[in-house]
Amino acid sequence: MLFWVLALLILCGFLWNYKGQLKIADITDKYIFITGCDTGFGNLAARTFDKKGFHVIAACLTESGSTALKAETSERLHTVLLDVTDPENVKTTAQWVKNQVGEKGLWGLINNAGILGVLAPTDWLTVEDYREPIEVNLFGLISVTLNMLPLVKKARGRVINVSSIGGRLAFGGGGYAPSKYAVEGFNDSLRRDMKAFGVHVACIEPGLFKTGLTDPVKTAKKKLAIWNHLSPDIRQQYGEGYIEKCLNKLKGTTSFVNVDLSLVVECMDHALTSLFPKTRYAAGKDAKTFWIPLSHMPAVLQDFLLLKQKVELANPRAV
């Protein structure tokens with residue numbers, strides 16, 4: 001009996017793996033639109049999918065990013081300047097894309113644009129510190145999706161939203177985690193709403209990767225700038241040595257950061273080209289072995305492990 005159970009499990013595993021390897025046809029006829037292509041995941045994705053034969057429309061925030069990308073890609077790839085937080089810019093870009101794709105529609109929409117914002121203890125921050133990452137990571141993503149959705153529905157295509165392990169587990173104060181938690185919620189409702197139209201919606205949850213978004217120097221500068229403007233009461237509670245210890249810990253995290261950005265692009269590729277794409281993709285060893293499993297654990301365990309990484313306060317009772 002045990003032999004047959006094992007044989008059945010092996011067969012199911014084989015069929016599941018085989019199913020995941022089945023690919024769509026006619027890639028060269030399909031258009032995809034990617035946001036945030038100046039650097040990082042978006043830049044590598046644009047170059048990768050251009051080589052594969054897709055008609056790539058890459059949205060860049062800067063002229064320099066657009067010029068550099070065009071210099072490294074084929075004539076099939078087109079770039080467009082896009083600020084996802086500017087509704088009029090998004091609307092006119094969607095109309096331009098519509099003219100480009102015509103009756104074929106848009107096979108793939110990859111919402112990749114995002115920023116980290118400020119990572120700091122919550123009581124250091126103002127509402128404005130939360131606003132920028134939420135505007136870009138959430139409202140920008142929603143704005144692009146709503147404007148491009150008619151084109152994706154026409155192609156019965158794919159929407160791929162790049163979230164984060166920060167959408168599963170809040171590892172620091174600031175607007176980044178709330179924005180990514182909200183992206184997860186938007187992704188789930190969109191996925192269910194689009195099933196009737198034959199549109200598949202996937203979510204990618206990268207761990208910590210070495211990109212401009214996670215540059216420890218920039219992160220440290222932002223944190224130090226906020227520390228320098230804190231009230232004397234809060235600085236007394238945390239202690240004058242707190243910020244220095246924090247910045248030293250921040251330098252130490254670089255050894256745990258994934259450097260191979262292709263791990264995320266491979267998830268995008270599967271979500272775009274598989275006949276049976278997944279609904280969620282975890283990218284990076286840290287995401288698969290630590291962050292995602294921890295997100296399913298009891299809160300008391302999450303708090304214990306995450307608080308162990310924080311610097312101890314000098315005098316939290318000084319309020």
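Arg191 and Asp188 both lie in helix α6, three residues apart, which is about one turn of the helix; helices are DSSP runs of H or I with at least four residues, strands are E runs of at least two, and both are numbered from the N terminus. This is a predicted model, in which local features need pLDDT of at least 70 and side-chain atom pairs count only at pLDDT 80 or more, while totals for chains, interfaces and linings use all residues. Residues are numbered from 1 along each chain as its sequence is written, and side-chain values use heavy atoms, with hydrogens and water left out.

The side chains of Arg191 and Asp188 form a salt bridge at 2.8 Å, N to O (a side-chain nitrogen of Lys or Arg within 4 Å of a carboxyl oxygen of Asp or Glu). Both residues, Arg191 and Asp188, are buried (under 20% relative accessible area; exposed is over 50% and partly exposed in between, with a 1.4 Å probe and protein chains only).

Glu205, in strand β6, pairs with Arg280, in strand β7, 75 residues apart; their closest N and O atoms are 3.2 Å apart. Arg280 is partly exposed at 26% relative accessibility, whereas Glu205 is buried at 1%. Arg168 also bridges to Glu205, at 3.0 Å, N to O. Shared partners join Arg168, Glu184, Asp188, Arg191, Glu205 and Arg280 into one network of salt bridges.

Helix α6 (residues 176–194) also packs with α5 (residues 127–155): their axes come within 8 Å and cross at roughly 15°. Axes are lines fitted to C-alpha atoms, for helices over the stretch in contact, with angles from 0 to 180 degrees between N-to-C directions.
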